[in-house]
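Visitor: I would be grateful for a close look at the surroundings of the ligand. Please then relate that site to the parts of the chain around it.

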Amino acid sequence: IDALIGDGVAGRRVFVRADLNVPLADGTITDDGRIRAAVPTIARLAEAGARVVVASHLGRPKGVPDPAFSLMPVSQRLGDLLGDRAKDVSFAGDTAGEGARTTVAALGDGEVVLLENLRFHPGETSKDDAERGAFADALAGLADLYVGDGFGAVHRKHASVYDLPARLPHAAGGLIATEVGVLRKLTENVSRPYAVVLGGAKVSDKLGVIDHLLEKADRILIGGGMAYTFLAAQGHEIGDSLVQQDQIPAVRDYLRRAEERGVEFVLPVDVLTSGQFPDLSAGEPTDPATVPAHAIPAGTMGLDIGPRTRQLYAAKLADAATVFWNGPMGVFEHPDYAEGTKAVAQALLDSPAFTVVGGGDSAAAVRLLGFDENAFGHISTGGGASLEYLEGKTLPGLAALED
Ligand code: 3PG
(Lines give C-alpha, C1' and ligand atoms only; values in the text may rest on other atoms or scores of the structure.)
Protein backbone atom coordinates (compact mmCIF):
# COMPACT_ATOMS: atom_id res chain seq x y z
CA ILE A 1 0.00 0.00 0.00
CA ASP A 2 2.95 2.35 0.56
CA ALA A 3 3.78 2.19 -3.15
CA LEU A 4 0.15 2.71 -4.13
CA ILE A 5 -0.15 5.80 -1.93
CA GLY A 6 3.29 6.96 -3.08
CA ASP A 7 2.11 6.90 -6.70
CA GLY A 8 -0.74 9.23 -5.72
CA VAL A 9 -4.30 8.26 -4.91
CA ALA A 10 -5.88 11.72 -4.58
CA GLY A 11 -9.16 11.83 -6.45
CA ARG A 12 -8.98 8.13 -7.29
CA ARG A 13 -11.61 5.61 -6.27
CA VAL A 14 -9.95 2.90 -4.15
CA PHE A 15 -11.87 -0.29 -3.35
CA VAL A 16 -10.80 -1.67 0.05
CA ARG A 17 -11.85 -5.26 0.71
CA ALA A 18 -11.90 -5.39 4.51
CA ASP A 19 -13.16 -8.09 6.89
CA LEU A 20 -15.74 -6.30 9.03
CA ASN A 21 -17.44 -9.57 9.98
CA VAL A 22 -18.01 -8.70 13.65
CA PRO A 23 -20.27 -10.44 16.19
CA LEU A 24 -23.67 -8.76 16.59
CA ALA A 25 -26.36 -9.32 19.22
CA ASP A 26 -29.72 -7.81 18.28
CA GLY A 27 -28.01 -5.37 15.91
CA THR A 28 -25.42 -4.28 18.51
CA ILE A 29 -21.72 -4.93 17.87
CA THR A 30 -20.36 -7.01 20.76
CA ASP A 31 -16.70 -6.89 19.66
CA ASP A 32 -15.39 -4.25 17.25
CA GLY A 33 -11.82 -5.59 16.99
CA ARG A 34 -12.04 -6.21 13.26
CA ILE A 35 -13.38 -2.72 12.56
CA ARG A 36 -10.55 -1.16 14.58
CA ALA A 37 -8.05 -3.32 12.71
CA ALA A 38 -9.44 -2.08 9.37
CA VAL A 39 -9.24 1.61 10.25
CA PRO A 40 -5.53 2.41 9.66
CA THR A 41 -5.52 1.44 5.96
CA ILE A 42 -8.83 3.18 5.25
CA ALA A 43 -7.68 6.28 7.14
CA ARG A 44 -4.35 6.46 5.30
CA LEU A 45 -6.12 6.31 1.95
CA ALA A 46 -8.70 8.94 2.94
CA GLU A 47 -5.98 11.22 4.32
CA ALA A 48 -4.15 10.87 1.01
CA GLY A 49 -7.28 12.19 -0.75
CA ALA A 50 -8.62 8.90 -2.12
CA ARG A 51 -12.33 8.27 -2.55
CA VAL A 52 -12.54 5.11 -0.50
CA VAL A 53 -15.07 2.37 -1.28
CA VAL A 54 -15.02 -0.12 1.61
CA ALA A 55 -16.62 -3.55 1.25
CA SER A 56 -17.00 -6.61 3.47
CA HIS A 57 -19.14 -9.60 4.22
CA LEU A 58 -21.01 -10.11 7.49
CA GLY A 59 -22.17 -13.54 8.60
CA ARG A 60 -23.45 -16.05 6.09
CA PRO A 61 -26.60 -14.70 4.41
CA LYS A 62 -27.82 -16.81 1.50
CA GLY A 63 -27.04 -14.55 -1.46
CA VAL A 64 -30.10 -12.33 -0.92
CA PRO A 65 -30.59 -9.18 1.17
CA ASP A 66 -31.32 -10.06 4.80
CA PRO A 67 -31.70 -7.20 7.31
CA ALA A 68 -30.26 -9.36 10.12
CA PHE A 69 -26.89 -9.25 8.31
CA SER A 70 -26.85 -5.59 7.25
CA LEU A 71 -23.55 -3.73 7.62
CA MET A 72 -25.42 -0.57 8.62
CA PRO A 73 -24.41 -0.79 12.34
CA VAL A 74 -20.83 -1.36 11.22
CA SER A 75 -20.83 1.79 9.07
CA GLN A 76 -21.77 3.85 12.10
CA ARG A 77 -18.96 2.39 14.18
CA LEU A 78 -16.51 2.77 11.30
CA GLY A 79 -17.46 6.44 11.04
CA ASP A 80 -16.91 6.94 14.80
CA LEU A 81 -13.54 5.22 14.71
CA LEU A 82 -12.31 7.09 11.63
CA GLY A 83 -13.29 10.40 13.23
CA ASP A 84 -11.52 13.34 11.55
CA ARG A 85 -9.31 11.05 9.51
CA ALA A 86 -12.03 10.80 6.83
CA LYS A 87 -14.07 13.76 5.61
CA ASP A 88 -17.31 11.81 5.61
CA VAL A 89 -18.44 8.20 6.02
CA SER A 90 -21.62 7.10 4.26
CA PHE A 91 -23.42 3.80 3.74
CA ALA A 92 -24.65 2.47 0.40
CA GLY A 93 -27.83 0.45 0.57
CA ASP A 94 -26.60 -2.19 -1.88
CA THR A 95 -23.42 -3.88 -3.11
CA ALA A 96 -22.90 -3.05 -6.78
CA GLY A 97 -26.31 -1.85 -7.96
CA GLU A 98 -27.78 1.57 -8.61
CA GLY A 99 -27.54 2.67 -4.96
CA ALA A 100 -23.84 1.85 -4.75
CA ARG A 101 -23.06 3.46 -8.12
CA THR A 102 -24.84 6.70 -7.18
CA THR A 103 -23.21 6.91 -3.75
CA VAL A 104 -19.75 6.22 -5.16
CA ALA A 105 -20.25 8.77 -7.95
CA ALA A 106 -21.05 11.39 -5.31
CA LEU A 107 -17.92 10.67 -3.21
CA GLY A 108 -15.52 13.55 -2.70
CA ASP A 109 -11.77 13.31 -2.10
CA GLY A 110 -11.05 11.95 1.40
CA GLU A 111 -14.58 10.55 1.76
CA VAL A 112 -15.48 6.95 2.55
CA VAL A 113 -18.48 4.81 1.64
CA LEU A 114 -19.21 1.36 3.04
CA LEU A 115 -21.12 -0.90 0.66
CA GLU A 116 -23.85 -3.23 1.93
CA ASN A 117 -22.93 -6.85 2.78
CA LEU A 118 -21.25 -8.42 -0.28
CA ARG A 119 -22.91 -11.77 0.49
CA PHE A 120 -26.32 -10.26 -0.27
CA HIS A 121 -25.29 -10.94 -3.89
CA PRO A 122 -25.08 -14.60 -5.00
CA GLY A 123 -22.04 -13.85 -7.19
CA GLU A 124 -19.80 -13.16 -4.18
CA THR A 125 -19.53 -16.74 -2.94
CA SER A 126 -20.53 -18.61 -6.11
CA LYS A 127 -18.54 -21.72 -7.07
CA ASP A 128 -19.21 -20.81 -10.70
CA ASP A 129 -16.31 -18.77 -12.12
CA ALA A 130 -18.54 -16.92 -14.60
CA GLU A 131 -21.05 -15.91 -11.94
CA ARG A 132 -18.31 -14.70 -9.61
CA GLY A 133 -16.62 -12.97 -12.53
CA ALA A 134 -19.78 -11.08 -13.48
CA PHE A 135 -20.13 -9.78 -9.92
CA ALA A 136 -16.44 -8.85 -9.84
CA ASP A 137 -16.95 -6.91 -13.11
CA ALA A 138 -19.78 -4.95 -11.48
CA LEU A 139 -17.63 -4.19 -8.42
CA ALA A 140 -14.70 -3.20 -10.65
CA GLY A 141 -16.94 -0.53 -12.18
CA LEU A 142 -17.01 1.20 -8.78
CA ALA A 143 -13.24 1.75 -8.47
CA ASP A 144 -9.91 2.56 -10.14
CA LEU A 145 -7.65 0.70 -7.68
CA TYR A 146 -8.00 -2.25 -5.30
CA VAL A 147 -6.55 -2.78 -1.83
CA GLY A 148 -6.91 -6.23 -0.27
CA ASP A 149 -6.94 -5.84 3.51
CA GLY A 150 -9.51 -8.36 4.78
CA PHE A 151 -7.10 -10.88 6.24
CA GLY A 152 -9.93 -12.84 7.88
CA ALA A 153 -11.36 -13.67 4.44
CA VAL A 154 -8.21 -14.36 2.38
CA HIS A 155 -8.86 -18.13 2.52
CA ARG A 156 -12.13 -17.62 0.60
CA LYS A 157 -12.16 -17.84 -3.19
CA HIS A 158 -14.83 -15.16 -3.38
CA ALA A 159 -15.47 -12.50 -6.04
CA SER A 160 -14.31 -9.52 -3.97
CA VAL A 161 -11.31 -11.39 -2.56
CA TYR A 162 -10.03 -13.34 -5.54
CA ASP A 163 -11.58 -12.19 -8.84
CA LEU A 164 -11.75 -8.43 -8.32
CA PRO A 165 -8.00 -7.81 -7.81
CA ALA A 166 -7.37 -9.41 -11.22
CA ARG A 167 -9.47 -6.62 -12.75
CA LEU A 168 -7.82 -3.58 -11.11
CA PRO A 169 -4.30 -2.41 -10.22
CA HIS A 170 -3.95 -3.74 -6.70
CA ALA A 171 -1.97 -3.78 -3.48
CA ALA A 172 -2.01 -5.45 -0.07
CA GLY A 173 -3.16 -3.27 2.79
CA GLY A 174 -1.30 -2.71 6.04
CA LEU A 175 -3.32 -5.24 8.02
CA ILE A 176 -2.62 -8.08 5.62
CA ALA A 177 1.07 -7.16 5.55
CA THR A 178 1.24 -7.25 9.37
CA GLU A 179 -0.69 -10.51 9.71
CA VAL A 180 1.42 -12.31 7.13
CA GLY A 181 4.63 -10.96 8.69
CA VAL A 182 3.66 -12.37 12.09
CA LEU A 183 2.39 -15.74 10.87
CA ARG A 184 5.55 -16.19 8.85
CA LYS A 185 7.46 -16.21 12.14
CA LEU A 186 5.47 -19.32 13.09
CA THR A 187 6.27 -21.16 9.90
CA GLU A 188 9.91 -20.16 9.22
CA ASN A 189 12.66 -20.58 11.84
CA VAL A 190 10.27 -20.63 14.78
CA SER A 191 11.88 -20.07 18.20
CA ARG A 192 11.61 -23.18 20.39
CA PRO A 193 10.02 -24.60 22.44
CA TYR A 194 6.98 -23.92 20.24
CA ALA A 195 3.72 -24.60 22.12
CA VAL A 196 0.29 -24.54 20.53
CA VAL A 197 -3.03 -24.37 22.36
CA LEU A 198 -6.03 -25.51 20.34
CA GLY A 199 -9.63 -25.28 21.46
CA GLY A 200 -13.06 -24.69 20.01
CA ALA A 201 -15.88 -27.07 19.34
CA LYS A 202 -14.84 -29.27 16.45
CA VAL A 203 -11.78 -31.38 15.74
CA SER A 204 -12.83 -31.48 12.09
CA ASP A 205 -12.05 -27.73 11.76
CA LYS A 206 -8.52 -28.32 13.01
CA LEU A 207 -7.46 -31.48 11.15
CA GLY A 208 -5.26 -29.70 8.63
CA VAL A 209 -3.53 -27.55 11.17
CA ILE A 210 -2.87 -30.44 13.57
CA ASP A 211 -1.37 -32.36 10.67
CA HIS A 212 0.98 -29.47 9.96
CA LEU A 213 1.77 -28.88 13.64
CA LEU A 214 2.90 -32.48 14.11
CA GLU A 215 5.87 -31.45 11.93
CA LYS A 216 6.49 -28.09 13.58
CA ALA A 217 5.36 -27.84 17.20
CA ASP A 218 7.00 -29.22 20.33
CA ARG A 219 3.84 -29.29 22.44
CA ILE A 220 0.13 -29.29 21.56
CA LEU A 221 -2.36 -28.53 24.34
CA ILE A 222 -5.98 -29.40 23.62
CA GLY A 223 -9.08 -27.84 25.22
CA GLY A 224 -12.62 -26.81 24.34
CA GLY A 225 -15.26 -29.09 22.87
CA MET A 226 -12.71 -30.87 20.68
CA ALA A 227 -10.89 -32.23 23.76
CA TYR A 228 -13.68 -34.75 24.36
CA THR A 229 -13.11 -36.42 21.00
CA PHE A 230 -9.45 -36.84 22.04
CA LEU A 231 -10.48 -38.26 25.43
CA ALA A 232 -12.95 -40.63 23.73
CA ALA A 233 -10.20 -41.71 21.31
CA GLN A 234 -8.13 -42.73 24.34
CA GLY A 235 -11.03 -44.88 25.51
CA HIS A 236 -12.20 -42.63 28.36
CA GLU A 237 -15.78 -42.16 29.56
CA ILE A 238 -16.96 -38.74 28.36
CA GLY A 239 -20.65 -38.88 29.39
CA ASP A 240 -22.78 -36.60 27.18
CA SER A 241 -19.88 -34.35 26.16
CA LEU A 242 -19.57 -33.14 22.59
CA VAL A 243 -17.90 -35.80 20.47
CA GLN A 244 -17.20 -36.33 16.77
CA GLN A 245 -17.24 -40.10 16.53
CA ASP A 246 -16.22 -40.05 12.86
CA GLN A 247 -12.98 -38.21 13.77
CA ILE A 248 -11.83 -40.74 16.34
CA PRO A 249 -9.68 -42.77 13.89
CA ALA A 250 -7.95 -39.54 12.71
CA VAL A 251 -7.36 -38.47 16.30
CA ARG A 252 -5.85 -41.87 17.20
CA ASP A 253 -3.55 -41.51 14.23
CA TYR A 254 -2.44 -38.05 15.45
CA LEU A 255 -1.74 -39.36 18.93
CA ARG A 256 0.34 -42.19 17.47
CA ARG A 257 2.28 -39.91 15.12
CA ALA A 258 2.89 -37.40 17.91
CA GLU A 259 4.44 -40.12 20.04
CA GLU A 260 6.66 -41.27 17.17
CA ARG A 261 7.86 -37.73 16.50
CA GLY A 262 8.33 -36.76 20.14
CA VAL A 263 5.60 -34.10 20.01
CA GLU A 264 3.92 -33.80 23.39
CA PHE A 265 0.11 -33.91 23.23
CA VAL A 266 -1.38 -32.52 26.45
CA LEU A 267 -5.03 -33.30 27.24
CA PRO A 268 -7.21 -32.12 30.14
CA VAL A 269 -6.81 -34.03 33.41
CA ASP A 270 -9.97 -32.58 34.95
CA VAL A 271 -13.03 -30.79 33.59
CA LEU A 272 -16.05 -28.80 34.76
CA THR A 273 -19.33 -30.54 34.02
CA SER A 274 -23.04 -29.87 34.11
CA GLY A 275 -26.16 -31.86 33.31
CA GLN A 276 -27.04 -29.46 30.51
CA PHE A 277 -25.64 -26.79 28.24
CA PRO A 278 -25.96 -23.44 30.05
CA ASP A 279 -28.40 -20.75 28.96
CA LEU A 280 -25.97 -18.11 27.70
CA SER A 281 -28.45 -15.27 27.48
CA ALA A 282 -29.60 -15.56 31.11
CA GLY A 283 -26.12 -16.31 32.51
CA GLU A 284 -27.75 -17.87 35.62
CA PRO A 285 -25.35 -19.78 37.94
CA THR A 286 -25.26 -23.50 37.08
CA ASP A 287 -23.30 -25.14 39.92
CA PRO A 288 -20.73 -27.06 37.83
CA ALA A 289 -18.94 -30.14 39.20
CA THR A 290 -15.19 -30.75 38.84
CA VAL A 291 -14.47 -34.33 37.74
CA PRO A 292 -11.46 -36.27 36.39
CA ALA A 293 -11.31 -35.96 32.61
CA HIS A 294 -11.07 -39.73 32.20
CA ALA A 295 -14.35 -40.42 34.03
CA ILE A 296 -17.07 -37.93 33.10
CA PRO A 297 -20.30 -39.32 34.60
CA ALA A 298 -23.13 -40.40 32.29
CA GLY A 299 -25.78 -37.72 31.91
CA THR A 300 -23.26 -34.86 32.28
CA MET A 301 -21.11 -32.97 29.81
CA GLY A 302 -17.72 -31.29 30.03
CA LEU A 303 -17.96 -27.53 29.50
CA ASP A 304 -14.54 -26.19 30.54
CA ILE A 305 -11.12 -27.42 31.60
CA GLY A 306 -10.78 -27.86 35.38
CA PRO A 307 -8.44 -26.23 37.94
CA ARG A 308 -5.67 -28.86 37.73
CA THR A 309 -5.68 -28.62 33.95
CA ARG A 310 -5.46 -24.83 34.18
CA GLN A 311 -2.30 -25.17 36.27
CA LEU A 312 -0.89 -27.85 34.02
CA TYR A 313 -1.44 -25.76 30.87
CA ALA A 314 0.05 -22.66 32.49
CA ALA A 315 3.15 -24.70 33.38
CA LYS A 316 3.42 -26.08 29.84
CA LEU A 317 3.31 -22.53 28.44
CA ALA A 318 5.63 -20.94 30.99
CA ASP A 319 8.91 -21.99 29.35
CA ALA A 320 7.80 -21.80 25.71
CA ALA A 321 9.58 -19.39 23.37
CA THR A 322 6.68 -19.23 20.90
CA VAL A 323 2.98 -19.79 21.58
CA PHE A 324 0.09 -19.94 19.11
CA TRP A 325 -3.40 -20.12 20.58
CA ASN A 326 -6.60 -20.76 18.65
CA GLY A 327 -9.98 -21.55 20.19
CA PRO A 328 -11.54 -21.14 23.64
CA MET A 329 -11.06 -23.80 26.36
CA GLY A 330 -14.73 -23.92 27.31
CA VAL A 331 -18.07 -22.17 27.06
CA PHE A 332 -16.42 -18.87 28.05
CA GLU A 333 -19.58 -16.90 27.25
CA HIS A 334 -21.00 -18.20 30.55
CA PRO A 335 -19.11 -17.02 33.67
CA ASP A 336 -19.14 -20.53 35.22
CA TYR A 337 -17.12 -21.89 32.28
CA ALA A 338 -14.80 -18.95 31.50
CA GLU A 339 -11.92 -19.76 33.88
CA GLY A 340 -10.13 -22.16 31.53
CA THR A 341 -10.01 -19.63 28.70
CA LYS A 342 -8.99 -16.90 31.16
CA ALA A 343 -6.20 -19.09 32.54
CA VAL A 344 -4.75 -19.69 29.07
CA ALA A 345 -4.95 -15.97 28.24
CA GLN A 346 -3.20 -15.16 31.53
CA ALA A 347 -0.54 -17.81 30.90
CA LEU A 348 0.19 -16.21 27.54
CA LEU A 349 0.54 -12.82 29.21
CA ASP A 350 2.82 -14.20 31.94
CA SER A 351 5.06 -16.02 29.48
CA PRO A 352 8.07 -14.24 27.95
CA ALA A 353 7.26 -16.09 24.69
CA PHE A 354 6.29 -14.52 21.38
CA THR A 355 2.53 -15.05 21.56
CA VAL A 356 0.02 -15.11 18.75
CA VAL A 357 -3.71 -15.36 19.37
CA GLY A 358 -5.42 -16.52 16.20
CA GLY A 359 -9.08 -16.66 15.43
CA GLY A 360 -12.15 -14.52 15.68
CA ASP A 361 -13.44 -16.48 18.71
CA SER A 362 -10.27 -16.47 20.77
CA ALA A 363 -9.57 -12.83 19.92
CA ALA A 364 -13.10 -11.85 20.92
CA ALA A 365 -12.82 -13.99 24.08
CA VAL A 366 -9.64 -12.20 25.13
CA ARG A 367 -11.33 -8.83 24.82
CA LEU A 368 -14.71 -9.87 26.27
CA LEU A 369 -12.96 -11.39 29.30
CA GLY A 370 -11.38 -7.99 29.95
CA PHE A 371 -7.75 -8.59 28.94
CA ASP A 372 -5.69 -5.79 27.44
CA GLU A 373 -5.26 -6.90 23.85
CA ASN A 374 -2.13 -4.79 23.44
CA ALA A 375 -0.34 -6.94 26.01
CA PHE A 376 -0.35 -9.94 23.63
CA GLY A 377 2.34 -10.29 20.97
CA HIS A 378 -0.23 -10.33 18.19
CA ILE A 379 -3.95 -10.94 17.98
CA SER A 380 -4.85 -12.11 14.50
CA THR A 381 -8.10 -10.97 12.91
CA GLY A 382 -8.27 -14.24 11.00
CA GLY A 383 -9.70 -17.49 12.35
CA GLY A 384 -9.90 -19.93 9.44
CA ALA A 385 -7.44 -17.75 7.51
CA SER A 386 -4.68 -17.97 10.12
CA LEU A 387 -5.16 -21.73 10.46
CA GLU A 388 -5.01 -22.24 6.69
CA TYR A 389 -1.93 -20.03 6.50
CA LEU A 390 -0.23 -22.20 9.13
CA GLU A 391 -1.23 -25.31 7.19
CA GLY A 392 0.82 -23.91 4.31
CA LYS A 393 -2.15 -23.71 1.96
CA THR A 394 -2.29 -21.25 -0.92
CA LEU A 395 -4.76 -18.60 0.15
CA PRO A 396 -6.74 -17.18 -2.79
CA GLY A 397 -6.83 -13.64 -1.40
CA LEU A 398 -3.05 -13.54 -0.93
CA ALA A 399 -2.25 -15.26 -4.21
CA ALA A 400 -4.38 -12.66 -6.01
CA LEU A 401 -2.25 -9.85 -4.56
CA GLU A 402 1.15 -11.43 -5.11
CA ASP A 403 1.90 -10.04 -8.55
C1 3PG B 1 -14.26 -15.32 9.70
O2 3PG B 1 -15.08 -14.92 10.52
O3 3PG B 1 -13.46 -16.25 9.93
C4 3PG B 1 -14.16 -14.60 8.39
O5 3PG B 1 -14.83 -13.38 8.43
C6 3PG B 1 -14.63 -15.48 7.27
O7 3PG B 1 -15.99 -15.76 7.42
P8 3PG B 1 -16.63 -17.08 6.77
O9 3PG B 1 -16.07 -18.24 7.53
O10 3PG B 1 -18.11 -16.92 6.91
O11 3PG B 1 -16.19 -17.11 5.33
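**The ligand shell and its setting**

Guide: In this predicted model, the residues that surround the ligand are Asp19, Asn21, Arg60, Gly152, Ala153, Arg156, Gly360, Gly383 and Gly384. Sorted by class, this shell comprises 1 nonpolar, 5 polar and 3 charged residues. Domain 1 (2–175) and domain 2 (190–390) each supply at least three residues to the shell around the ligand.

One member of the shell, Gly360, belongs to helix 13, where it is among the buried residues. Helix 13 spans residues 360–368 and is mostly covered, with 7 of its 9 residues buried. Those buried residues are Gly360, Asp361, Ser362, Ala363, Ala364, Ala365 and Val366. Their cover includes two helices, helix 2 (33–47) and helix 12 (339–350). It also includes strand 17 (322–326), strand 18 (354–358) and strand 19 (378–379). Just after helix 13, Gly370 adopts a positive phi of about 90 degrees.

Most residues other than glycine have a negative phi, and most peptide bonds are trans. Against that background, Arg192 and Pro193 are joined by a cis peptide bond, with omega about 0 degrees. Pro193 is situated in the loop between helix 7 (174–187) and strand 9 (194–198).

Asp26 is not a glycine, yet its phi is positive, at about 50 degrees. Asp26 lies in the loop between strand 2 (24–25) and strand 3 (28–29). Asp26 counts as exposed because it has 6 C-beta neighbours inside 10 Å, and the cut-off for that class is 12 or fewer. Asp287, likewise not a glycine, has a positive phi of about 55 degrees. The loop that holds Asp287 runs between strand 13 (270–274) and strand 14 (289–292). Asp287 also counts as exposed, because it has 8 C-beta neighbours inside 10 Å.

A further loop, between strand 11 (237–238) and helix 10 (248–261), contains Gly239. Gly239 is partly exposed because 19 other C-beta atoms lie within 10 Å, whereas a buried residue requires 20 or more. Apart from neighbours within four places in sequence, the contacts of Gly239 are Ile296, Pro297, Ala298, Gly299, Thr300 and Met301. The C-alpha atoms of Gly239 and Tyr228 are separated by 9.5 Å, the two residues being 11 residues apart along the chain.

To return to the site itself, the ligand has Gly360 in its shell, and this glycine is one of the buried residues of helix 13. The shell as a whole draws on both domain 1 and domain 2.

Notes:
Residues are numbered from 1 along each chain as its sequence is written. This is a predicted model: local features need pLDDT of at least 70, side-chain atom pairs count only at pLDDT 80 or more; totals for chains, interfaces and linings use all residues. Helices (H or I, at least four residues) and strands (E, at least two) are DSSP runs, numbered from the N terminus. Two residues are in contact if their C-beta atoms, placed from the backbone, lie within 7 Å. A residue is near a molecule or strand if its C-beta atom, placed from the backbone, lies within 6 Å of it. Ala, Val, Leu, Ile, Met, Phe, Trp, Tyr, Cys and Pro count as nonpolar, Asp, Glu, Lys and Arg as charged, and the others, Gly among them, as polar. Domain bounds come from an automatic or database domain assignment.
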